Structures are given as C-alpha cells and as structure tokens.
Amino acid sequence: MTDETRDSDAQHSEYVRKLVRENQALESSKADLERDVGRLVAEKTALDEQISSLRSQLSRFENEQRVLGEKLAKVRAEWRQCSSRYVEVEEQNNHLANLYVASYRLHESLDKEELLKVLQEIIINLIGSEEFAIFERSPAGDSLDLVASFGVDQKRLKSLDLGSGPVAETVRTGEMYLAESVPDEDPAARRDQLIACIPLRVADRVHGVVAIFGLLVQKKELEPLDYELFDLLASHAGASLHLSSIAGGGDSRG
Amino acid sequence: MSKKILLVDDSMTTLMMEKMILRKGPYDLVTASDGEEALDAAQRELPDLILLDVVMPKMDGFEVCKRLKEIPETKDIPIIMVTTRGEPEKVERGYELGCSDYVTKPIDNLELMTKVRNFVGT
C-alpha cells in the first residue's frame, strides 16, 4: 500500500465518521422535532377543546343576555306603565284635592263678604284667572248686579241687563257657557270676550253667575279640572251665596 | 328627623292646597299668612324650605325674600316663590332677590312635590 493510498483511506474514513456524526445529530434533531410536534399537537388539541368550551359558554351567555334583554324590556314596559299610572293617580289626587279644598272653603262661612272672598280665591288660585266678575241676580230678576270682581272694569260691569248674549243665556238656561277657544293673551285685545260663564244655581234657579274673561298668562287653556271646579261652583257656590244672603238678613235674591 | 317647610300665603285656599299636597311627604308644615308673620316664623322656626307667595298685602313676597336674605340666620334657607304671574320679568326678579326656584298658580301637585324634594328630599 502506497502512502497515497493510505492517505486516501484515512480521508475517506474521516469523511464517513463525519457523515455518521452529522447523521446522529440530524437523528437527534429529528427526535427533538418529533417531540415538539407531539407537544404542539397536544397543545392544539387542548386549545381546540378550550375554544370549543368558550364557544359554548359564549353561546350560553348570548342566550342568557337575550333572556335578560327580554326581561329588561318587560320590566321597562311595566315601569313605564306604572309611571303613567302614577301620573294618572296623582292627577286624580290633584283634582280631588282641588275639589275638596274648594268645597270646604265654600262651606266654611255664612258671611257673604267672606264667601265672596273665598270665591275669588278659588277662581284666582285654583282655576287660574285674574280677570273675572261675580254677579248676583237683582231682586227684580231682570238684571245682574256686580258683587265682586278682579282685574276688570267695575264701572262698566256694575249692572248687566239680561237681554241677550252668553251671560243672559246662562241665566236663562242655567247651562254653563264655555268659549270655543281662549282669546288673545293681551287683555286690551280681548275686551269683554268671555271665556266661561258659570251659573250659580240654587236648585233650578240661577242666583248669579261667575264670568271669566281671562286666564293667567302661564295658563293657555281650560283643563278638565277647571270644568269640575266650574260644576262645583255652579252647585255649591250658588247655594252658599244664597244661604249667606239669608243668614245676613239681606234679600235672598233669585 | 322630618324637614320643616314654612308655607306663606295670604290665601287660605292656597295654604290648604299646599298642605294637602305636602302632607304626603314627611314634612313638618308651618304656615304664615302675611309677610311680617313670615319673617317672624322664618327666624323662629328656621325651616329647611320656604314656599313664599308673591302677591300679599302689606309686604309682598319679593320684599320678604329680600329681607330673609339679609338676615344671617335665614339667608341660606332655600325659597320657592309661588306666583300667579308667570311672566319672565317677574320670575327674573325673584331670582335676582335670591329665591331658589318658583312655581306658578294654579299649583300642580307633581311639580310642587318635585321641586320641594329637590331641596329637602323625600
């Protein structure tokens, strides 16, 4: 064997050893990678299971949210209904309180001056007018005499003949007169325009009337409560006024 | 402890109405029927709130409000003016004199209760 051949064999052997080492290293890397793949597959499986579980939780939560949303909508609807009912009840309470106060006050005194003052207070504070006149029928029954007023020309309204017009009609029929609409806010522009004329009745006879010419500036129209107060005035104020006249020893007009 | 409210009005009808509305709340109600009586009652009772009518004989509500705001013991008591006149200038005058709020007549019970609760609670 020549030196050349020996060198070549040595190189070859070294090359083979190197290849074997590299192959072992690759085998080792392959084994590592296979372990990694196994671990990753296991992790992926676990994550898939988690995702699946979270999806089912999400679906359950969405379902619960929908149910709660429906319940909330129902509760809100009930709350709105209760609020509206509360407002209605409060309105009724308000009506009853107004009627009670008006009725109580009208029967509090048999003194005519005091009664007229009460009547004015009711018209100003409960109905909301500062332009009105209260008339009593004259002893002869053919005219109306002014007995109290607020915010109107007393001289002009001192006495009213029962010829024609809404006031005369109210006295004749005993029926309340109500204008179709509330006239202009400016008092000068609506001189003598009646908003309402309420008969003050004693049984079937009209003892006097309350004539309302204007409402307070913040009150734009007559409301249901006003009609109830008008009815109350028509029956109770008339009787009280009549009784106060008798109690005072004056003429019991009408 | 219930809150004390002083009601001031020369009209018995309005006082009765206010009492009927406010009786629903846990309030101790005190009344005065004119300005001077209101000044005395405010200093004596030291209420938590005053409902003060504007139009009164002798001393109107604006004057009462002004005087109450000058008295150290009563200057911080909130005042709700009760007025038949809802014109802006009347309302503005009340605010200038130190009133805290106002209600117009005819009194609406829900409005009054809401405003009273704003100052003294339920």
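Q: What makes R39(A) and E43(A) a salt bridge?
A: The closest N and O atoms of R39(A) and E43(A) are 3.3 Å apart. A salt bridge needs a side-chain nitrogen of Lys or Arg within 4 Å of a carboxyl oxygen of Asp or Glu, so the pair R39(A) and E43(A) qualifies.

This is a predicted model: local features need pLDDT of at least 70, side-chain atom pairs pLDDT 80 or more, while totals for chains, interfaces and linings use all residues. Residues are numbered from 1 along each chain as written, chains are lettered from A and ligands numbered from 1 in written order, and side-chain values use heavy atoms, without hydrogens and water.

Q: Why are R39(A) and E43(A) separated by about one helical turn?
A: Because they lie four residues apart in helix α1 (residues 3-106) of chain A. Helices here are DSSP runs (H or I, at least four residues), and strands are runs of E (at least two), numbered from the N terminus.

Q: How do you know which salt bridge crosses between chain A and chain B?
A: E90(A) pairs with K24(B), with the closest N and O atoms 2.8 Å apart. Over all chains the count is 27.

Q: What makes up the contact between the chains?
A: Chain A gives 23 residues and chain B gives 22. Contact means heavy atoms within 4.5 Å.

Q: What makes the peptide bond between K105(B) and P106(B) stand out?
A: The bond is cis, with omega about -5 degrees. Most peptide bonds are trans. P106(B) sits in the loop between β5 (101-104) and α5 (109-120) of chain B.
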